[in-house]
Amino acid sequence: SADAYLQQGFVASQELFGRPLISICFATIHQLTGIPLLYAGQLLNSVFYALLCVGFVATVRALGGDRRVQLIAAVVILSHPILNDHRSSIMRDPAYWAFIMLAFRELLLYSRAPSLGGQLRWFAYVAIASLFRFEGLFFAVLAPLSLLAMRNSEHKWRLCLRLWLPQAIVVGIAMGTALFVKSTMDPSARLFPAIERYIRKLFSLPDAFAELSASVGETMLGFSSREDATLALVSGLAAVLLINILRAILWPWVLVLLWGWKDRISSRLRPDDVTLLNSHLLISFTYLAAFTLINHFMLERYACQLVIFLLLYLPFILNSLWHDASKPWKKVLVLALLLGMSLDSLYNTDYRKAFIRDARDWVLVNTPEDASITSNDKYLAYFSQRDFDWDNATRIGFSLSRTLEDEAVWRDRDYLVMMVRKRDAALWKEFIREHSLKPSKVFDGGRHGKVFVVQL
């Protein structure tokens, strides 16, 4: 996407990746410094991770944490395995997490001492977060409402409306600009295809949900129990959401958070600060629930937007355990937890997809430099450095089934380099048999699938 931006501009970049802000950012770094695109992306990712860590500790300080609590906060955020699991990836999430955290800190400060500067800083942070990930708009719309739940503040409505005012103006200008740009585009073109897809799914949810419920009833339930298919479906999706949230928090921290809840650690913070923090947890959970309901899946990575707010409680809970002089073993427990998490963060799951890199390396070494390939995997298509038809692949959405169905896509190429997941194994096997093809090399990634290299 960054390469496409450099060569053909924004539209080409967006066709490959619907929300290309991160791509444009490190493409710009490449233009300004000459750093290779890959390293520019990793550098930018590291900067956003650092900003998240600084923002997290600063927010703990704004919540009333002393130097010891801030030190614990730094260890908590630096050593959280799930947040660190993707540190070698180039993705939008660290930027989104960082700016949402900074926006929350600014809201805390604004609630105590309202000012135009605080109002504009909050808006800037939440606007930047929304540019990186669409769900930031949930916070832009709902976070100001959390001010209405505060107990010790006068003029709540005025504070809330002052936060809404700049974004209402900007949204109005943005919508007018978008409508104008849309009117100049080809009727079949989409200005923001990813966002439009989510909106279509949202409006078609009742019909899609009824169809899915009927399918669940036919598959899982019998006789009169099929009447409860909707309940079974909702329960299943709720379980998927909850499991991913708990995994993203990590079970040791879940137990620590439960202990802190039982011991009412939150009562030691300012009541209004707790109200604002819990409101942000509720906003995060609402978005995750809506996403799960619409898309029928959830990932630990997506749940991290809720986790980073929950983690704000941890430094205060761990500090309370540390100060419990009546039970010295609690200090040992705190040290063991922090050390254990730090050691766990050294391990990640990148190796599970190393087979894709190995396939790329094989293609680089064992195929001619002027060879052409067809692939349904963007990593293999780009980093193999072989001739690839990006227009056709983008048109069919890098879909394995559509690639195999359309012979014009692959027939005149030199190699097929295909990522085949378990759900597509039967389709791929039939394709190989029908066309009497034999793989030159197979790279097995276990449950993540296999990469087949086939010379045509």
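**Reading the model**

Author: Start with a loop: S436 lies between helix 24 and strand 4 (439–444). Bear in mind that this is a predicted model.

Reader: What is the phi of S436, and what kind of value is it?

Author: Phi of S436 is near 55°, which is a positive value in a residue other than glycine. The residue comes just after helix 24.

Reader: Is S436 buried or exposed?

Author: The cut-off for exposed is over 50% relative accessible area. S436 has 66% relative accessibility, so it counts as exposed.

Reader: Where is L250, and what is its phi?

Author: L250 is found in the loop between helix 13 (229–249) and helix 14 (251–262). Its phi is near 90°, again positive in a residue other than glycine. L250 has 13%, so it is buried.

Reader: Let us go back to helix 24. Which of its residues are buried?

Author: Helix 24 covers residues 425–434, and its buried residues are W428, F431 and I432. To read a helix, ask next where such residues point around the axis. Here they cover an arc of only 95°, which puts them on the same side of helix 24.

Reader: Which exposed residues does the face turned away from that side carry?

Author: That face of helix 24 carries the exposed residues A426, K429, R433 and E434.

Reader: Which residues is T403 in contact with, leaving aside its neighbours within four places in sequence?

Author: T403 is in contact with T374, I396, V409, W410 and M418.

Reader: How should I read a pair of aromatic rings?

Author: A pair of aromatic rings is described by the distance of the centres and the angle of the planes. For this model, rings of Phe, Tyr and Trp pair if their centres lie within 6.5 Å, and planes over 60 degrees apart count as edge-to-face. By this rule the count comes to 19 aromatic pairs. In one of them, the ring centres of F104 and F309 are 5.6 Å apart and the planes stand at 80°, so the pair is edge-to-face.

Reader: Where do F104 and F309 lie?

Author: F104 lies in helix 7 (residues 93–112) and F309 in helix 16 (residues 300–310), so the pair ties together parts that are 205 residues apart in sequence. Both F104 and F309 are buried. Y382 and F383 also form a pair: their ring centres are 5.0 Å apart and their planes at 85°, so this pair is edge-to-face. Y382 counts as partly exposed at 34% relative accessibility, and F383 is partly exposed with a relative accessible area of 25%.

Reader: Which residues form an aromatic cluster?

Author: F138, Y287, F291, F297 and Y302 form one aromatic cluster.

Reader: What sits over the ring of F443?

Author: The charged end of K441 sits over that ring, 6.0 Å from its centre.

Reader: How far apart are L165 and F123, in sequence and in space?

Author: L165 and F123 are 42 residues apart in sequence, and their C-alpha atoms are 9.7 Å apart in space. L165 lies in helix 10 (residues 156–184) and is exposed, with a relative accessible area of 51%.

Reader: Now the whole protein. How many helices and strands are there?

Author: The protein has 24 helices and five strands. Its radius of gyration is 25 Å, close to the 23 Å that the globule rule gives for 456 residues, so the protein is as compact as a globular protein of that length. The C-alpha atoms fill a box of roughly 75 × 65 × 55 Å, taken along the principal axes.

Reader: What share of the residues is buried?

Author: Buried residues make up 45% of the 456 residues. The accessible surface of the protein comes to about 23,900 Å², and 61% of this belongs to carbon and sulfur atoms.

Reader: What share of contacts between residues at least 6 apart in sequence join residues at least 24 apart?

Author: Of those contacts in the protein, 66% do.

Technical notes. Residues numbered from 1 in each chain as written. Predicted model: local features only at pLDDT ≥ 70, side-chain atom pairs only at ≥ 80, totals over all residues. Heavy atoms only, no water. Buried < 20%, exposed > 50% of the residue type's maximum accessible area, 1.4 Å probe, protein only. Helix = DSSP H or I, 4+ residues; strand = E, 2+ residues; numbered from the N terminus. Arc of directions from axis to C-beta. Contact = heavy atoms within 4.5 Å. Phe/Tyr/Trp six-rings, centres within 6.5 Å; stacked < 30°, edge-to-face > 60°. Lys NZ or Arg CZ within 6 Å of the ring centre and 35° of its normal. Rg over C-alpha atoms; globule rule 2.2 N^0.38 Å. Areas by Shrake-Rupley, 256 points an atom, 1.4 Å probe, with all protein chains shown as cover.
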